[in-house]
Amino acid sequence: MNLFSPLKCGSLTLPNRVIMAPLTRARTPSTVPGKLQELYYKQRASAGLIITEATNISPTGTGYVYTPGIYSDEQEAGWKGVCEAIHAAGGRVAMQLWHVGRVSHELVQPNGAQPVAPSAIRGEGAQAFVEFEDGTAGRTPASTPRALETSEIGDIVADYRKAAIRAVRAGCDMVELHAANAYLLHQFMATGTNLRSDQYGGSVVNRARIVLEVVDAIGKAVGYERIGIRIAPFSEIFGLTDEESGEMALYLADQLSRRKVAYLHINEPDWQGKDIHLTPEFRKSVREAFDGALLYCGHYDAARAEALIADQLADAVAFGRPFIANPDLPERMRVSAPLNDSNPETYYGEGPLGYTDYPALIKA
Ligand SMILES: Cc1cc2nc3c(=O)[nH]c(=O)nc-3n(C[C@H](O)[C@H](O)[C@H](O)COP(=O)(O)O)c2cc1C
C-alpha cells in the first residue's frame with residue numbers, strides 16, 4: 001500500500017491517495033466561481049480527490065469577503081462549470097461546506113447584523129476579512145457574536161442540507177463538512193466556545209448534536225456515501241479552547257462510522273506552527289473507531305505520508321500548501337521531482353498571480 005494505490009472512498013475509487021486539501025484563495029469577489037477557478041481546479045485534477053476551498057452555505061455563514069458561496073442559482077451554475085472542468089480532466093471533487101459562526105464581523109453580515117455562534121463569546125485573535133466603508137478590504141478583529149436561539153438551529157441544519165443538494169446538483173461527487181478550524185461546528189463541539197444549557201450544550205453528546213443533525217440531513221438528501229467531514233482535534237486557533245477534544249473526536253469517529261460516511265479528515269494541530277502533536281495512541285484510537293477512509297493533513301511530505309499509510313494509521317493524506325504551488329503534485333511525488341515553493345503573499349488576493357501560474361513539470 002502506498003500513495004499511488006487506489007482507495008475506495010464512499011462510492012468512488014480514488015486513483016491515488018494524494019488529496020488536495022481545502023484552500024481558501026479569496027478570488028471570487030462576486031461569490032460566484034468562474035473561468036479562473038475552472039482553470040485552477042482543472043490544473044489540479046490529478047489529485048486523488050480535490051476538496052474545494054471552504055464555500056459559504058449562507059450569507060450569515062460568511063466571514064470573509066471574496067470567498068464563494070453555494071446558496072444561489074448563480075453560485076450553483078458557477079460551480080457546475082468548475083465540476084465539469086475537473087471531471088473533463090479526469091478528476092473528482094468534494095465541496096467543503098462552511099459556516100464561520102463567530103469568525104465574522106457586522107461588515108460582512110446581511111444588514112450589518114451581529115454574527116451568530118453557540119454562545120456570545122468573542123473569538124480572541126479571530127479575524128474576519130471585510131470590505132470597509134471606504135471600499136478598501138482587509139482583516140479586522142471578529143465581532144462579539146450573539147448566541148443562537150435553540151429554535152434557529154434547525155434553519156442552520158437546513159442551510160447545510162440545501163447547500164449539499166446544490167453542490168451535488170452542480171456536479172460535486174461529495175461534500176465535506178467543515179467542522180474544523182474554530183468555525184461554527186467546531187465552536188459547538190468545543191467546551192470553551194459552547195456554554196449552552198439546551199440540548200446543544202453540556203455533554204459531548206449534546207455538543208456533537210448539531211454536527212450529527214447536519215450529517216443526517218445531508219445523508220438523507222444526497223446519501224451518506226457522499227459525505228466527508230473535517231475536524232481539527234487539539235487545535236487551538238481563533239481563541240478556541242477545548243477540554244474534551246480527544247473524547248469528542250473519538251465519539252464523532254464512532255458515530256460517523258455507524259452512519260457509513262465516506263471519509264473522516266483530520267487537520268493536525270501543528271500546521272500553523274504550534275507545538276501540539278497528535279499522539280500515536282490517539283491515531284490508533286481514531287483508526288479503530290472509524291471504518292471509512294481516514295485522511296490526515298498538516299505539514300506532510302511524500303515520505304511522511306507514505307509512512308503513515310504503511311503503518312495503517314491513515315488511508316490517504318491531504319496536502320495544502322504543496323498543492324498551491326504544484327498543480328501536478330501526485331506526478332511530482334511519484335517521480336520524486338523537486339517541488340515548487342508556495343508564496344504566502346499570493347495565497348489570497350486577485351487574479352491569476354500565485355494562483356494559476358505555478359508550473360507543472362515539463363515532460364520530456
Ligand atoms: C492559504 C490557505 C487557505 C486555507 N483554507 C482552508 C479552507 O478553506 N478550509 C480548511 O479546512 N482549511 C484551510 N486551510 C488549511 C489547509 O487545508 C491545510 O490544513 C493546511 O494548509 C495544512 O496542510 P499543509 O501543511 O499541507 O499546507 C488553508 C490553508 C492555507 C495555507
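How much space lies in the largest pocket? I looked there before anything else. About 1000 Å³ of space lies in it.

**Ground rules.** I am working on a predicted model, where local features need pLDDT of at least 70, side-chain atom pairs count only at pLDDT 80 or more, and totals for chains, interfaces and linings use all residues. Residues are numbered from 1 along each chain as its sequence is written, and side-chain values use heavy atoms, leaving out hydrogens and water.

**Pocket.** I noted the terms before going on. On a 1 Å grid over the protein atoms alone, a pocket is an open set of points with protein on both sides within 12 Å along at least five of seven lines, while a cavity is a set where a 1.4 Å probe fits but cannot get out. Lining residues have an atom within 4 Å of a point. Grid points are joined across faces, edges and corners, and a volume is the space filled by probe spheres set on the points.

I listed 43 residues lining the largest pocket; P22, L23, W271, R321 and Y348 are the closest to its centre. Two or more lining residues come from each of β5, β7 (127-131), β14 (316-319) and α10 (321-325). I take helices (H or I, at least four residues) and strands (E, at least two) as DSSP runs, numbered from the N terminus. With three residues, α10 gives the most. The lining divides into 23 nonpolar, 14 polar and six charged residues. Here Ala, Val, Leu, Ile, Met, Phe, Trp, Tyr, Cys and Pro count as nonpolar, Asp, Glu, Lys and Arg as charged, and the others, Gly among them, as polar.

**Strand β5.** Next I checked a strand from that lining. Six of the six residues of β5 are buried. Buried means under 20% relative accessible area, with a 1.4 Å probe and protein chains only. V93, M95 and L97 cover one side, and A94, Q96 and W98 the other. I recalled that side chains alternate between the two faces of the sheet in a regular strand.

Which strands pair with β5? Pairing needs at least two DSSP bridges. Strand β4 (residues 50-56) runs parallel to β5, joined by five bridges. A54 has Q96 as its bridge partner. Strand β10 (residues 174-179) is also parallel to β5, with four bridges. There L97 stands opposite L177.

**Strand β10.** I found six of its six residues buried. M174, E176 and H178 lie on one side, V175, L177 and A179 on the other. Five bridges join β10 to the parallel strand β11 (residues 227-231). H178 stands opposite R230.

**Core.** A nonpolar core is a set of buried Ala, Val, Leu, Ile, Met, Phe, Trp, Tyr and Cys residues joined through side-chain atoms within 4.5 Å. The largest has 80 residues, and L97, Y160, I218 and L264 touch the most other members. I followed I218, taking contact as heavy atoms within 4.5 Å. Leaving out residues up to four places away in sequence, I218 touches L97, Y160, R161, A164, V175, L177, G223 and I227. Another core, of 17 residues, lies apart and includes A94, A262, Y263 and A293.

**Cavity.** I found one cavity of 30 Å³ or more. The largest cavity has a volume of about 60 Å³. H186, M189, I231, A232, P233, D242, S245, M248 and A249 line it. Elements giving two or more of these residues are α4 (184-189) and α7 (245-258). The largest share, three residues, comes from α7. I count six nonpolar, two polar and one charged in this lining.

Terms used: Buried means under 20% relative accessible area, exposed over 50%, partly exposed in between (1.4 Å probe, protein chains only).
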